[in-house]
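Please open the structure in your viewer and keep the selection panel at hand.

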Amino acid sequence: MKEQSFHNEKVCAYKNARIISQLQRDIMPLQGLKKLSTDSSVNLGVHPIENSFPYSSFPIGCIHEFLSASNNDIASTNGFVAALLSKLMLSKATAIWISTTRNLFPAALKNFGIDPEHIIFIDLEKEKDVLYTIEEALKCNRIATVIAEIKQINFKESRRLQLAAEQSRVTGFIIRHQPKVLNTIACVSRWCVKSLPSELSNGMPGVGFPRWNVELLKVRNGKPGSWKIEYSSNSFQEIKEKVIDIPQTQIRNVG
Amino acid sequence: MLDDMGKRFVTIWFRHLKTDWMIRRKPELKDIPFVLAHPDRGRMIITEVSAVAKAKGLCAGMVVADARIILPAVQVVNDDANLAGKLLKNLCAWCIRFTPVATVDTAGLILDISGCAHLWESEENYLRTIISKLKGFGYHIRAAMADTIGTAWAVSRYGKVKAIIHPGEQAEALAPLLPAALRLDADTLEGLHKLGLDNIGSFMNMPRSALRRRFGDQLLLRLDQALNFEEEFIQPLIAVEPYSERLPCLEPIQTATGIEIALQKLLEELCKRLHKEGKGLRIACFKCFRVDGELEQLTIHTNHASNNPKHLFKLFQIKIENIEPALGIELFMLEALKVEDIITVQQTFWSGNGSLESTEVAELLDNLQNKFGNNIVHRYLPDEQHLPELSIKIAGSLKDKPATEWRNDKLRPIQLLHEPQRIEVTAPIPDYPPMNFRYKNRLHKVQKADACERIEAEWWLNAGLHRDYYIVEDEEGKRYWLFREGHYDADNKPAWFMHGFFA
């Protein structure tokens, strides 16, 4: 009798778990994390990062937020965004980069595997115009990615952008350098990228490949985490505690 | 006879152009007899007389002293030689509302009205409208309409019976007129007068060889031009755009909705035509001619040759509020100032491959440029120069492709400062990377550095010093691009600069 009830409880729990996971799966599209069969999959090449996303793949057709707290992190944030962009631009060939204070050097994008002539830069004067421009650009489904450097954005404004991105399946990257108020915005993930000292194998002198401490501070329906990443030969590599061996023959082509 | 039955012309003669204009500016002159005079060989010669003075017996060419004897009360105003030309030019521009092809003549205007009169229902109504509008301004004018410029000119200056000469009736209209109506020079006129040929009809049918022998080619040419045996061309004051549409309004338009409807109609017409010819516009100008003679206009630019009326309308729409209709707009005009062939892009079944040629991207950029100005969109192509800031150039259009490959053999910083900034360094000589440097009041200790990359400006472009660039990393793991300008030598300490940041 006792055994019977225990068995029943187990079945019940199993059923509940199934219902809950089914509900979670139903909720995800409502939260802006759709996965369409037509979407091209983005392969970051780093399993721990990919596993922290729902469906275990980098979400597209939504907004990602990148924070850079100090002035010195602009370059590493932009570098990480450029590296992500090269993965996203494989299927569609055009991206739009919107900014009011742009220092990005187009020729350097070649080092990240992007043909710089495929990026359209929009340099505006006012922050307010940036919001309008992002929304218009997100509505154009011929564009792979819209990248915007903006300081202030409130929740309501960001929700409009997220809805536009869901509609058109265009991915939006919002880079916020030293925001005055660190408010929550309607995005799928929040990243923070900081540079780390580079290392060459076998203690060779000189500057090595770019290394970043990539923090995924928030991710909707996923697991946040923090990783040490090195970018070389157009691919990400996670750095384990032990220094990994990089063959000497590899060409350094990142900047 | 030349086969141009469709051609019709109107000539307008301003009989008291300058004096009427003065009366228009100073209405108190209306009842005073006054003349314009110009000094000539120590005398004042009358160049133009007002209508009132003319009625009192004064005429141009008289000496002012003589005129004062005839009419002691006459007022004399100094003449300005350039005034007539200026006034006629303005009037000619104003006449664009009646026809796109209009030009200035001596003391008058010539309008090519082929295919225009029906918009005013009939030729009578058309000519009446022109005359009544100009008379409304206070000008004393005479106007005539005919198949040729010559006949219209003759009838407007010398005709007495009717102003509209129906097609093919030039000979009947010219026959009773004075030979001077043919725009001949004084010698020819005198010759004709001596022979007693006092009207055109008396020599019109004479053998051509006889006329040529006595009076030369000019008389025959003028006669042929007037009778439509020889074509005469005019140079329009405002060049007519090959791609333009016009929409005259019976009632002046004052509302934004009205302007929008007019614009939509014009765009549809123009785009239909462009579409038929496989063309699209890059620059379009929307002109609104106001009742009070002012011109309001809007211009749009596109990134991509477009003949999509909806998209073009959207570009104009946000600017419509800038139009000041005042008392109303009586003519709308849409001109395509730059037209290009449309390259038809092969349609793909899948939505991928969103290349730069796609119309959607071009239309997005049009919208943004239209809203925020033309200099916001930048796309870069490689340039064949060594200095990093000159190694890229802005692409002229979305279609431009790189002429050379992007270089990938040298590292370039992701952030490049617009201007290199001076830094203070401690560096071992002669050519080692710095040990530490001070940038924005912060000391950075260099932990790692790469060997230098020397970049020299092209000597034929820039005579500056060479730059030795170093990639360095500080104790926090930030990577910088520094350079030293020139060499160390005995009495010269080269300057160091910060130029960029690596990822």
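Two residues are counted as in contact if their C-beta atoms, placed from the backbone, lie within 7 Å. The model is a predicted one, and on that criterion the contact between its chains takes 50 residues from chain A and 46 residues from chain B.

Select the chain A side of this contact next. The elements that give two or more residues to the side of chain A that touches chain B are helix 3 (73-88), strand 3 (119-123), helix 4 (127-138) and strand 6 (189-196) of chain A. Helix 3 of chain A gives the most, with six residues. If you colour this side by residue class, you will find 24 nonpolar, 16 polar and ten charged residues.

Now select strand 3 of chain A together with strand 12 (residues 377-378) of chain B, which pair in the antiparallel sense over two bridges. Within this pairing, centre on Ile122(A), which stands opposite Val377(B) in strand 12 of chain B.

From there, move to chain B and select helix 13 (residues 309-317) and helix 14 (residues 359-372), whose axes come within 9 Å and cross at roughly 15°. Because angles under 35 degrees count as roughly parallel, helix 13 of chain B is roughly parallel to helix 14 of chain B. The crossing of these two helices is right-handed.

To see what makes the contact, show the side chains of His311(B), Lys314(B) and Leu315(B) on helix 13 of chain B, and those of Glu363(B), Asp366(B), Asn367(B) and Asn370(B) on helix 14 of chain B. The residues of this helix contact divide into one nonpolar, three polar and three charged.

Definitions and conventions: Residues are numbered from 1 along each chain as its sequence is written. Chains are lettered from A and ligands numbered from 1 in the order in which they are written. This is a predicted model: local features need pLDDT of at least 70, side-chain atom pairs count only at pLDDT 80 or more; totals for chains, interfaces and linings use all residues. Axes are lines fitted to C-alpha atoms, for helices over the stretch in contact, and angles run from 0 to 180 degrees between N-to-C directions. Helices (H or I, at least four residues) and strands (E, at least two) are DSSP runs, numbered from the N terminus. Angles under 35 degrees count as roughly parallel, over 145 as roughly antiparallel, 65 to 115 as roughly perpendicular and the rest as oblique. A crossing is left-handed if the near helix is turned anticlockwise from the far one by less than a right angle, and right-handed if clockwise. Ala, Val, Leu, Ile, Met, Phe, Trp, Tyr, Cys and Pro count as nonpolar, Asp, Glu, Lys and Arg as charged, and the others, Gly among them, as polar. Two strands pair if DSSP finds at least two bridges between them.
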